Structures are given as structure tokens and as C-alpha cells.
Amino acid sequence: MTKEELMRILAIDKRIKAQKRTLAELREESTCIPAFNSDERVQTSARDNSMAICRQIVDLEREIGKNTETLKALKQSAEDLIKQIKERHGGEITLMRMRYLECRPWHDIATVIGYTWRHTLRIHGVILATLFD
């Protein structure tokens, strides 16, 4: 596990969340009936549009599945790395678990471990230096 792989965890997690939002929008779109005005000529049929949306849904679900598997593998490696951390002041393991296994934002982590946001980042930097330098 490298620092770059830890960062990939956060990036993949964000990507999956965005893909799930897109998937929800596509599913909603697939169940909507478009407005139809009989005065207009339409060259595409609703069925063609529905089929295109269905293909997008299937492709996106497949991609989400692949990303989820990658994320699981990276999180397992991160958990193995976190087990190597020696607690010095308390909260180091919690900080790393919340950041890389739960993908929580810094302000949430700082609140839980009882430090300021800035001090939480300092502790994180010390942990990374200890693990990777």
C-alpha cells in the first residue's frame, strides 16, 4: 500500500457516489413518460430512447461493480496498513479508519477524535510519515 493508493480510495469512493447519483437519475428518466404534442413530428420513438437509457443503466451498473471491487481490495490493503499503526496519543487508528475505510471528511474526523481540523491534519501527516518514510 502506498500513499497514492490511499488517495485512490478517496477518489474511487467519490466516483462511485457520483455514478450512483447518475444511475438514480437514469432510472427515474427511464420510468418517465415524455410529453407528446401531436402537432410535432418526431423522428425517434420513445422505445429507442428507452432502450438507450436501459443500455446506459446496464453499462453504469457494470462500471459501478468494477469500481466497488477495486475499492474493496484497496480498503483491505489499507486496513492491513492501519493495523501497523502504533497509538501514541490516542485517536491515530480511529483517524485513519475514518478517513480511508469510511471515507469521512476531515471536519467529521476532527469532531470525533476531539481535535481541531488543523491538528487532525498534522496527526495524519505524522502517521503517513511514520508509515511511508
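## Cysteines

At 37% relative accessibility, Cys54 counts as partly exposed. Cys103, by contrast, is buried, with a relative accessibility of 12%. These values come from a predicted model. A disulfide is a covalent bond between the sulfur atoms of two cysteines. A search of the whole structure turns up zero disulfides.

Cys103 sits in the loop between H3 and H4. The backbone there has a phi near 55°, which is a positive value in a residue other than glycine. In chain order, Cys103 follows helix H3.

## Overall fold

The secondary structure of the chain consists of five helices and zero strands. Read from the N terminus, the order of elements is α-α-α-α-α. The chain has 133 residues, and 29% of them count as buried. Its accessible surface comes to about 9,300 Å², and carbon and sulfur atoms account for 52% of that area.

Taking the contacts between residues at least 6 apart in sequence, 67% join residues that are at least 24 apart.

## The nonpolar core

The largest nonpolar core holds 29 residues, and those touching the most other members are Leu6, Ile9, Leu95, Met96, Tyr100, Ile109 and Ile127. Each of H1, helix H2 (46–82), H3, H4 and H5 supplies at least two residues of this core. The largest contribution is that of H2, with nine residues.

Leu6 shows what such a core residue meets. Not counting residues up to four places away in sequence, Leu6 touches Met1, Ala78, Leu81, Tyr100, Leu128 and Phe132. One of these partners, Tyr100, is also among the core residues that touch the most other members.

## Pairing of H1 and H2

Gln19 is found in helix H1, and Leu60 lies in helix H2. Both side chains are covered: Gln19 counts as buried at 7% relative accessibility, and Leu60 is buried with a relative accessible area of 12%. Along the chain Gln19 and Leu60 are 41 residues apart, while their C-alpha atoms are separated by 7.1 Å.

Apart from residues up to four places away in sequence, Gln19 touches Leu60, Glu63, Ile64 and Asn67. Under the same exclusion, Leu60 touches Gln19, Thr22, Leu23 and Leu26.

## Helix H3

H3 is mostly covered, with seven of its ten residues buried. The buried residues are Glu92, Leu95, Met96, Met98, Arg99, Tyr100 and Leu101. Of the residues in this list, Leu95, Met96 and Tyr100 are among those that touch the most other members of the largest nonpolar core.

Leu101 is a residue of helix H3, and its relative accessible area of 15% makes it buried. Leaving aside neighbours within four places in sequence, Leu101 is in contact with Lys75, Ala78, Glu79, Ile82 and Met96. The C-alpha atoms of Leu101 and Gln76 are separated by 8.5 Å, although the two residues are 25 apart along the chain. Ala78, one of the contacts of Leu101, is also touched by Leu6.

## Helix H5

Helix H5 covers residues 117–132, 16 residues in total, and reaches 22 Å from its first C-alpha to its last. That span is close to the 22 Å expected at 1.5 Å a residue.

Which residues of H5 are buried? They are Thr120, Ile123, His124, Ile127 and Leu128. These residues lie on the same side of H5, because they cover an arc of only 135° around the axis. Their cover includes helix H1 (3–31), helix H3 (92–101) and helix H4 (106–113).

How values were computed
Residues numbered from 1 in each chain as written. Predicted model: local features only at pLDDT ≥ 70, side-chain atom pairs only at ≥ 80, totals over all residues. Heavy atoms only, no water. Helix = DSSP H or I, 4+ residues; strand = E, 2+ residues; numbered from the N terminus. Expected span 1.5 Å × (residues − 1). Buried < 20%, exposed > 50% of the residue type's maximum accessible area, 1.4 Å probe, protein only. Arc of directions from axis to C-beta. Contact = heavy atoms within 4.5 Å. Disulfide = S-S within 2.5 Å. Core = buried A, V, L, I, M, F, W, Y, C linked by side-chain atoms within 4.5 Å. Areas by Shrake-Rupley, 256 points an atom, 1.4 Å probe, with all protein chains shown as cover.
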